[in-house]
Amino acid sequence: MNRSLGLLTGIVVTALFLLLIGCEDENTSVKSPNQLEEEVSSEKEPTSDDTIKIGFSMDTLEEERWAKDKELFREELEALGAEVEIMVANEDAALQISQVETLISNGVDLLVVVPYYTETAAAIVEKAHLAGIKVLSYDRIIKNANIDLYVSFDNEMVGQLQAEAMTNLVPKGKYVYIGGAITDNNAILVKKGVFNILQPYIDRGDITVVYDQWTEDWNPDNAYKNMLAALEANNNQIDAVIAANDATAGGVIRALKEKGLEGKIPVAGQDADLAAAQRIVEGTQTLTIYKPIRALAKEAAERAVQLASGEDVEADRVINNGKIEVPSVLLSPIIVNQNNIDETIIEDGFHSREEVYHP
Ligand code: BGC
């Protein structure tokens, strides 16, 4: 029984072998004129090894803006003749490190990183540098590491713009601050900008910050819970809320709605998310901070290609990340409210008029 099975297997294997040889023969020996032409012309083309390949390691796609970053950065790189491989770590520091290892072993020429956790991401930079690959920190800086370039918006200015507008509107009263994720250096910078402006008001006794919390992972549900706690601790007597982005502002507004206070307490956010733009039009959110993502993607793409080609790269300042003075490029954020929504985010095509005004 076993023997006849062995014989049968032998015959099948031999038949398959002969079939394979036959196929190979057919492929190599008979060529149409078209095939020949293709081969000759492909020899003149640059080999795929000449194409610059950028690895883009993203933290998350949770907030609406990151989908724009992903697409626009790809578009800008492709317009420059580069390729990109993108991996998203879903707010997991360990996963982000292992994805970066994959990008490195896939042969990227440069790594562009939006770090999840600004502190632990230094390991990413070390791994890349060991493999001879430079690192561009995108939107969020990586702390305590020898990063080669940082391209972002002026995040401290984001907080300053929020607080200047809010203090013009509410120069005296009880303020709530709903921060971003403490793991993200941008959240720290935005908060610094806010409190730079609030401090003189606090010192004069005009403004009291009655509640001030970070929001774990920038999660709107956490912001909602924090806002409920702030309202309950203050008998709903709150005069203004500054939230670190539009996702957390959404959580804040959900809590206000539950207490019948929606549209009655001014709220600031950041990102110009579509939902926030709609809330500004309907009057439940006071302002947002618009950061033109196309400009960020373009600046980063141009410099990424230069860095990967070993060219000199222009920066407009240096920023200390705890280890070195990092050459940096910071773009300016823009404040958006009901008065200028048309000539900012709509005119730029960030969102269409239809989407904003007729959801
Ligand atoms: C970005 C914000 C974003 C937040 C949450 C920050 O680092 O600067 O635009 O809303 O992360 O993803």
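Helices (DSSP runs of H or I, at least four residues) and strands (DSSP runs of E, at least two residues) are numbered from the N terminus. By this assignment the protein chain contains 13 helices and 13 strands. The model is predicted: local features need pLDDT of at least 70, side-chain atom pairs count only at pLDDT 80 or more, and totals for chains, interfaces and linings use all residues. Residues are numbered from 1 along each chain as its sequence is written, and side-chain values use heavy atoms, with hydrogens and water left out.

**Figure 1. Overview of the protein chain.** Of the 359 residues of the protein chain, 47% count as buried; buried denotes under 20% relative accessible area, exposed over 50%, and partly exposed the range in between (1.4 Å probe, protein chains only). The chain exposes about 17,400 Å², of which carbon and sulfur atoms supply 50%. Accessible areas come from the Shrake-Rupley method with a 1.4 Å probe, and for residues only the protein chains shown count as cover. Among contacts (heavy atoms within 4.5 Å) with a separation of 6 or more, 71% join residues 24 or more positions apart.

Figure 2. A polar side-chain atom of Arg65 lies 2.9 Å from an oxygen atom of the ligand. For Arg140, an N or O atom of the side chain is 2.7 Å from a ligand oxygen. The side chain of Asp271 places an N or O atom 2.5 Å from an oxygen atom of the ligand. Taken alone, the ligand exposes 310 Å², and the protein buries 99% of that.

Figure 3. Asp59 and Arg140 form one of them, with an N to O distance of 2.7 Å. The pair links distant parts of the chain, 81 residues apart: Asp59 is in the loop between β1 (53-58) and α3 (64-79), whereas Arg140 is in the loop between β4 (134-138) and β5 (149-153). Both Asp59 and Arg140 are buried. Together with Asp184, these two residues are linked in a network of salt bridges. The side chains of Asp69 and Arg65 also meet in a salt bridge, at 2.9 Å from N to O. Asp69 and Arg65 are separated by about one helical turn because they stand four residues apart in helix α3. Both Asp69 and Arg65 are buried.

**Figure 4. Salt bridge between Glu119 and Lys143.** The side chains of Glu119 and Lys143 meet at 4.0 Å, N to O. Glu119 counts as partly exposed because its relative accessibility is 37%. Lys143, at 21% relative accessibility, likewise counts as partly exposed.

**Figure 5. Helix α8 and its packing.** Helix α8 (residues 220-233) has 14 residues and reaches 20 Å from its first C-alpha to its last. This is close to the 20 Å expected at 1.5 Å a residue, the expected span being 1.5 Å times one less than the number of residues. Asn219 caps the N-terminal end of α8, with a side-chain oxygen 2.8 Å from the backbone nitrogen of Asp221. The buried residues of α8 are Ala223, Tyr224, Asn226, Met227, Leu228, Ala230 and Leu231, and they pack against β6 (173-178), β7 (207-213), β8 (240-243) and α9 (246-258). After α8 comes Asn235, whose phi is positive, near 55°.

Figure 6. Asn245 is placed in the loop between β8 and α9 and, at 3% relative accessibility, counts as buried. The side chain of Asn245 reaches the backbone nitrogen of Ala247 at 3.3 Å. Leaving aside neighbours within four places in sequence, Asn245 is in contact with Glu63, Trp218, Gly269, Gln270 and Asp271. Glu63 lies in the loop between β1 and α3 and is buried, with a relative accessible area of 8%. Glu63 and Asn245 are 182 residues apart in sequence and 9.4 Å apart in space, C-alpha to C-alpha.

Terms used: Polar contact = N/O pair within 3.5 Å; in protein donor to acceptor, adjacent residues only side chain to side chain.
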